[in-house]
Each structure stands twice: as C-alpha cells, then as structure tokens.
Amino acid sequence: MSEESKQPPVEEETGTETPVPQEEKKSPEKKGSGKKKKAFTFTQEQVEQMEEAAKQLETTQDQLLRLSAEYDNYRKRTAKEKETLYQDAKADTIREFLAVYDNLERAAGAPGGEDGPHKKGLEMIFTQYKELLKKLGVTEIAAQGQPFDPERHEAVLHIEDENFGENEVSQVFQAGFLLGGRVIRHAVVQVAN
C-alpha cells in the first residue's frame with residue numbers, strides 16, 4: 001500500500017475535497033475476512049449536489065409535515081361539522097314532533113273519564129312518548145317555580161302575586177325541551193312580580 005492510501009484525505013484550502021472517515025477498526029471477528037474499506041473523496045461539485053439534495057429533502061419533509069397537519073385539521077373539522085349537522089337534523093325532527101307531545105299532554109290532563117279505558121290508554125301512550133323522547137336525549141326544561149331564565153323560558157304573561165318570588169315562573173303554558181344541553185324549544189311561561 002502506498003502512503004497516500006493510508007492517510008485520510010485532507011480538505012485543501014480550495015475546498016475541492018471533503019474528508020471521509022477511513023475504514024473502521026476491524027472487530028476481532030472480522031480479522032480474517034480480508035476485506036478492506038476504501039476511503040472516498042468527493043469533488044466540490046459532488047459536495048454541492050449533496051448539499052442541494054439535503055436541502056430538497058428538508059423542504060420535502062417540511063411540506064409533508066405541513067400537509068399531514070392540514071389533513072389532520074381537515075379530518076377533525078369535518079368530523080365536527082358532521083356531528084353538528086346530525087345534531088341539527090335531530091333537533092329539527094324532534095321539534096316537529098313536539099306538537100304531538102303537546103296534544104297528548106292536553107288530552108291526558110283533560111278532566112272526565114278517569115276510569116275509562118280510553119283515558120288510561122291515552123295516558124299510557126303519553127308515558128311511552130315521554131320515554132321515547134328521553135331515549136333520544138331530550139329533557140324537559142324545569143320551569144314551574146324556577147327563576148325566569150330568558151335563555152330557556154319565553155315569558156308571554158306577567159302578573160303581580162305575593163305568593164311568588166321576584167321573577168319566578170308562576171305557570172307553564174307550554175313545556176320547553178333541551179337536546180344535549182341545547183334548547184330546541186323554549187318553555188312558554190307566566191312570570192310573577
């Protein structure tokens with residue numbers, strides 16, 4: 001072997017060659033293999049090409065990371081929009097069926113025929129209807145005797161009565177309902193004082 005191949009290449013002041021580590025020290029189990037690793041030297045043009053490739057790789061990785069983040073945000077946003085759309089459609093549908101609730105409530109509360117089979121059947125249907133609404137996540141807004149809340153109650157009448165507190169709901173004309181904490185129909189009430 002000549003002396004040149006034993007010494008590592010040294011970068012000249014002109015920067016035309018870049019040093020590359022020489023062969024690694026042989027481990028004891030590789031002594032007999034007889035293979036020698038060669039030292040590589042690169043020209044300035046090759047070094048510039050590798051630097052350019054490294055910059056392109058970094059740019060591509062950055063673009064991939066941004067694209068991945070954008071896709072993740074898009075996926076979350078569409079899932080949220082889908083859930084909102086479903087909840088809106090559910091609320092609109094239930095709102096239409098609340099007129100049936102009102103009629104069943106009036107019929108079940110009407111005086112007369114308390115022991116008759118029609119009245120009992122009507123009460124059973126009304127109870128079944130309330131259970132169905134409960135399964136759908138619909139809850140009735142507590143109004144009677146509660147402080148007036150404009151977010152949940154719609155006041156249509158105001159009276160002065162010493163038996164009730166300040167801004168207390170004294171009578172409920174139409175029940176209000178919530179779907180998952182969201183008002184789908186305000187309770188129509190009378191407010192005292």
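Is Asp 62 buried, partly exposed or exposed? Asp 62 counts as partly exposed, at 35% relative accessibility (buried means under 20% relative accessible area, exposed over 50%, partly exposed in between, with a 1.4 Å probe and protein chains only).

## What you're looking at

This is a predicted model, where local features need pLDDT of at least 70, side-chain atom pairs count only at pLDDT 80 or more, and totals for chains, interfaces and linings use all residues. Residues are numbered from 1 along each chain as its sequence is written, and side-chain values use heavy atoms, with hydrogens and water left out.

The protein has a mean pLDDT of 85, with 81% of its residues at 70 or more (pLDDT is the predictor's confidence in each residue, from 0 to 100). Confidence is lowest in helix H1, residues 3-6, with a mean of 46, and highest in strand E4, residues 177-179, at 96. Helices (H or I, at least four residues) and strands (E, at least two) are DSSP runs, numbered from the N terminus.

Over residues 10-17 the pLDDT stays under 50, and the model has 11 contacts there beyond four places in sequence (contact means heavy atoms within 4.5 Å). Where pLDDT is low, the predicted coordinates should not be read in detail.

## The sheet and its helix

Three strands make an open sheet in the order E1-E4-E5, with antiparallel pairing (two strands pair if DSSP finds at least two bridges between them). Strands E1 (138-140) and E5 (182-185) sit at the edges with a single partner strand each, so one side of each has no neighbour in the sheet. E4 and E5 pair over 3 bridges, and Leu 178 has Val 183 in E5 as its bridge partner.

Helix H2, residues 44-109, packs on the sheet and touches E1, E4 and E5.

## Salt bridges

The whole structure holds 6 salt bridges (a side-chain nitrogen of Lys or Arg within 4 Å of a carboxyl oxygen of Asp or Glu). Back to Asp 62: its partner is Arg 66, with the closest N and O atoms 3.1 Å apart. Both lie in helix H2, 4 residues apart, about one turn of the helix. Arg 66 is exposed, at 53%.

Other pairs tie helix and strand together. Asp 88 bridges to Arg 182 at 2.9 Å between the closest N and O atoms, linking helix H2 to strand E5 across 94 residues. Arg 185 is buried at 14%, and Asp 102 is buried at 6%.

How values were computed: Axes fitted to C-alpha atoms, helices over the stretch in contact; angles between N-to-C directions.
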